[in-house]
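Reader: I am new to this structure. Please show me how to read it, one feature at a time.

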Amino acid sequence: MTSDNTVYLDNAASTPIFPELIAQYGPLLRDAYPNASASHRAGYANRRKIDDARDRLLSVLPLPKDQSNVVWTSGGTEANNLALLGHAAAVGSADRVSAICSRMAHPSVLAPLRHLRDAGAHLRLLRNDNAGRLDLNDLAAAIDDNTTILSFSLVQNEIGVIQDVVAIRSIVDRHAPQALLHLDATQALGKIDLSTLATGADLLTLSGHKIHGPAGVGALVIADSNIPLKPLIFGGGQQRNLRSGSLDTVGIIAMSLAAEKICGLDSQFHNHVRVMNQRLRSGITKLVDRRRGSVAVVVHSIEAGSPFIVNFSLSGYQGAVVTRALSERGIIVGAGSACSSESVRASPALKALGMSDNVAFGAIRVSFGSQNVPDDVDRFLGGLQDVVTDY
Ligand SMILES: Cc1ncc(COP(=O)(O)O)c(C=O)c1O
């Protein structure tokens with residue numbers, strides 16, 4: 001519950017900043033303004049803080065600390081663009097790129113890849129089963145020694161499915177050892193155990209506002225300084241010329257502290273999230289519709305996925321209408337449709353699960369953050385029952 005009594009369960013979209021971080025944030029905002037690239041003492045002091053932030057971030061990742069490079073970006077979207085378009089720039093031209101990705105990838109992965117395909121790149125989107133798990137036979141058939149990059153989300157942002165990246169890595173090593181493996185860990189850091197899953201990443205995307213840090217800051221971690229990548233943003237040559245622009249010292253420090261904090265949460269916290277997840281899964285099966293009796297529920301998130309995300313559809317109910325009605329009752333969750341200015345269309349990722357438009361339009365995404373308590377789930381379930389009753 002938030003300070004204004006709202007139940008906030010849309011944490012896959014954005015999380016509230018850790019309260020401890022808010023206390024540190026004010027003094028940082030006040031004091032950390034000198035330009036970290038300046039050649040005076042104050043600039044140098046901020047540069048040291050950014051180096052510490054880099055070390056702090058790398059300390060929670062299972063990547064080689066001495067070889068890894070962190071490029072601070074404006075968020076996960078820019079980090080994904082840098083990984084994919086920066087790779088294309090490094091290989092020389094789009095027509096030398098041969099990329100493999102999932103149909104369920106985030107738009108900040110799919111859109112740059114489609115942009116490259118329009119410019120001549122070869123793009124293969126893999127099949128998945130109806131739980132969202134990638135078809136590894138399709139991967140083995142698609143990959144070859146021309147493949148230059150593969151990009152997958154560790155945790156898919158709408159349904160929370162976790163990919164078997166260990167198996168993916170071994171297929172890449174066998175069939176295309178020259179290719180880069182880019183993993184989008186935006187929804188994964190601090191939410192699932194990355195100790196084996198992220199080790200195989202050549203490039204790793206992270207975002208501040210999904211881990212109880214600020215929005216507008218993210219990172220692309222490059223696991224080996226020999227990995228070729230070219231910049232998308234040109235200017236003063238900051239960040240080893242990979243991303244020009246004055247560094248956001250405050251955002252970078254705050255994101256690194258958030259990463260450290262979320263990754264330091266213990267198994268008790270993760271059990272607490274699993275308990276809320278189960279409470280929700282069981283509660284939605286008990287909804288009653290006055291006219292039709294029980295409500296048919298289709299749960300799109302498998303239990304083996306991220307415990308932080310539960311996506312489901314109520315048959316006969318529109319997700320966007322339900323989420324709006326819930327928000328009028330002070331309960332904030334996500335819906336499964338993407339709005340553009342002209343139209344509302346069913347989420348392409350949900351359609352890739354094989355859902356009909358109707359079911360995809362019905363999707364509701366509940367996502368947990370570290371601030372949530374079981375009472376939030378109960379209030380959500382109570383609100384949802386009221387919305388179903390009034391529908
Ligand atoms: C899997 C995934 N990748 C990338 C992004 C984009 O991150 P940002 O909002 O920091 O640009 C998101 C945000 O929704 C996401 O869920």
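Author: Start with burial. A residue is buried if 20 or more other C-beta atoms lie within 10 Å of its own, exposed if 12 or fewer, and partly exposed in between, with C-beta atoms placed from the backbone. This is a predicted model: local features need pLDDT of at least 70, side-chain atom pairs count only at pLDDT 80 or more, and totals for chains, interfaces and linings use all residues. Residues are numbered from 1 along each chain as its sequence is written.

Reader: Is A105 buried or exposed?

Author: A105 counts as buried, because it has 23 C-beta neighbours inside 10 Å. Now place A105: it is in the loop between β3 (98–102) and α4 (107–118). Such helices (H or I, at least four residues) and strands (E, at least two) are DSSP runs, numbered from the N terminus.

Reader: Which residues is A105 in contact with, leaving aside its neighbours within four places in sequence?

Author: Two residues are in contact if their C-beta atoms, placed from the backbone, lie within 7 Å. By that rule, and with those neighbours left aside, A105 is in contact with L110, S151 and S153. The C-alpha atoms of A105 and Q156 are separated by 7.0 Å, although the two are 51 residues apart along the chain.

Reader: How do I read burial along a helix? Which residues of α6 are buried?

Author: Helix α6 covers residues 165–175, and V165, I168 and V172 are buried there. Look down the axis of α6: the buried residues fall within an arc of 55°, so they line one face of the helix. The arc is that of the directions from the helix axis to the C-beta atoms. The face turned away from the buried side of α6 carries the exposed residues V166, D173 and R174. The cover over the buried residues of α6 includes α5 (136–142), β5 (149–153), β6 (180–184) and α7 (194–197).

Reader: What about phi?

Author: Most residues other than glycine have a negative phi. H212 has a positive phi, near 65°. H212 is found in the loop between β7 (203–207) and β8 (218–222). N241 also is not a glycine, and its phi is positive, about 70°. N241 sits in the loop between β8 and α8 (249–264).

Reader: Are H212 and N241 buried or exposed?

Author: H212 is buried, because 27 other C-beta atoms lie within 10 Å. N241 is exposed, because 12 other C-beta atoms lie within 10 Å.

Reader: How many residues has the largest nonpolar core?

Author: A nonpolar core is a set of buried Ala, Val, Leu, Ile, Met, Phe, Trp, Tyr and Cys residues joined through C-beta atoms within 7 Å. The largest one has 114 residues, and A198, L204 and V221 have the most contacts inside it. Helix α8 gives the most to this core, with 9 residues. Take V221: leaving aside its neighbours within four places in sequence, it is in contact with L61, L63, S68, V70, L204 and L206.

Reader: Where are the domains?

Author: Domain bounds come from an automatic or database domain assignment. It gives domain 1 (7–16 + 266–390) and domain 2 (32–264). Their centres, taken over C-alpha atoms, are 28 Å apart. Across the boundary, 22 residues of domain 1 are in contact with 23 residues of domain 2.

Reader: Which residues come nearest to the ligand?

Author: Near means that the C-beta atom of a residue, placed from the backbone, lies within 6 Å of the molecule or strand. There are 14 residues around the ligand, and G75, G76, T77, N157 and S207 come nearest. Helix α3 (residues 76–91) gives the most to this shell, with 3 residues.
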